[in-house]
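The following note sets out some points for a colleague who is reading this structure. The points run from single residues to the fold as a whole.

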Amino acid sequence: MNQRRPDSGSPGDSSAPGSRRARGSHPAREQQRDSQRTRVYEAEHAVMRIFDRSDNYPLLQIAGSTITIPVERKFASVDNVQIYCDAFLALRWVRETWPRAQVPVVVRRRSGQQAAHYERAAATIAVPGHVNASAWAMRELVVLHELAHHLAPAGEQTHGPEFVGRLVHIVGEIIGPEAQLMLRVTMSDMGARVG
Ligand SMILES: [Zn+2]
């Protein structure tokens, strides 16, 4: 009868915290799992455009210094990507830094023209087939991105700060410190956190 009792509240008020928590927990965590994905892709694409223009514009002003844009490799066959990945995973510093490097990676062609991707359960990098009539080429930045996925410890956030930190580290060692600076600065500009 006494509806003004302080502990009665309104149905909305009393149920709000509990229901909000119950409703939000799973989807929110799922979103968090790959919350940086778009920013990471945008940053990589921006860096790729700089590499693509480097024949005509070999110098770049970045973070207050002028750098010479290094060479990014291109691969003409799936076999070449496989050889590159095998050699990368055999590098001593890679093995000493990431235990997952002991797991061999398989490179296979995926049907159609979809982007490259990594399948963790099969430790496989799938790369797209021929693109129109032009010569097939897989670029080094894409392969290193997929290798950075391969080296992730179990349970790590996909494209999270740790992933980006590992990718930036790898790019610095493999392509060079200029490429590392380009990628790190561009990631920050795009709002992707680097762990
Ligand atoms: Zn990825």
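1. Histidine 169 is found in helix 6 of what is a predicted model. Its C-beta atom has 17 C-beta neighbours inside 10 Å, and histidine 169 therefore counts as partly exposed. A residue would need 20 or more such neighbours to be called buried. Alanine 148 lies 21 residues from histidine 169 in sequence, and the C-alpha atoms of the two are 9.7 Å apart in space.

2. As background, nonpolar side chains in soluble globular proteins tend to be buried together.

3. Which residues does valine 164 touch, if residues up to four places away in sequence are not counted? They are Val40, Met187, Ala192, Arg193, Val194 and Gly195. One of these, Val40, is a buried residue of helix 2.

4. Helix 2 has 16 residues and reaches 22 Å from its first C-alpha to its last, close to the 22 Å expected at 1.5 Å a residue. Its residues Val40, Ala43, Glu44 and Val47 are buried. Viewed down the helix axis, the buried residues of helix 2 fall within an arc of 95°, so they line one face of the helix. In general, an α-helix has 3.6 residues a turn, so residues three or four places apart point the same way. The buried residues of helix 2 pack against helix 5, helix 6 and helix 7. On the other side of helix 2, His45, Arg49 and Asp52 are exposed.

5. Strand 1 (residues 59–62) and strand 2 (residues 65–68) pair in the antiparallel sense over four bridges. Leucine 59 stands opposite threonine 68 of strand 2. The two strands form a hairpin with two residues between them.

6. Alanine 63 lies in the loop between strand 1 and strand 2. This residue is not a glycine, yet has a positive phi of about 50°. Is alanine 63 buried or exposed? It counts as exposed, because 10 C-beta neighbours lie inside 10 Å, and the limit for this class is 12 or fewer.

7. Alanine 123 also has a positive phi, near 45°, and is a residue other than glycine. Its place is in the loop between strand 5 (117–119) and strand 6. With 13 C-beta neighbours inside 10 Å, alanine 123 counts as partly exposed.

8. For the chain overall, the secondary structure comes to seven helices and seven strands. Along the sequence, these follow the pattern α-α-β-β-β-α-α-β-β-β-β-α-α-α. The chain has 195 residues, of which 24% count as buried. Among contacts with a separation of 6 or more, 55% are between residues 24 or more positions apart.

Note on methods. Residues numbered from 1 in each chain as written. Predicted model: local features only at pLDDT ≥ 70, side-chain atom pairs only at ≥ 80, totals over all residues. Contact = placed C-beta atoms within 7 Å. Pairing = 2+ DSSP bridges. Expected span 1.5 Å × (residues − 1). Arc of directions from axis to C-beta.
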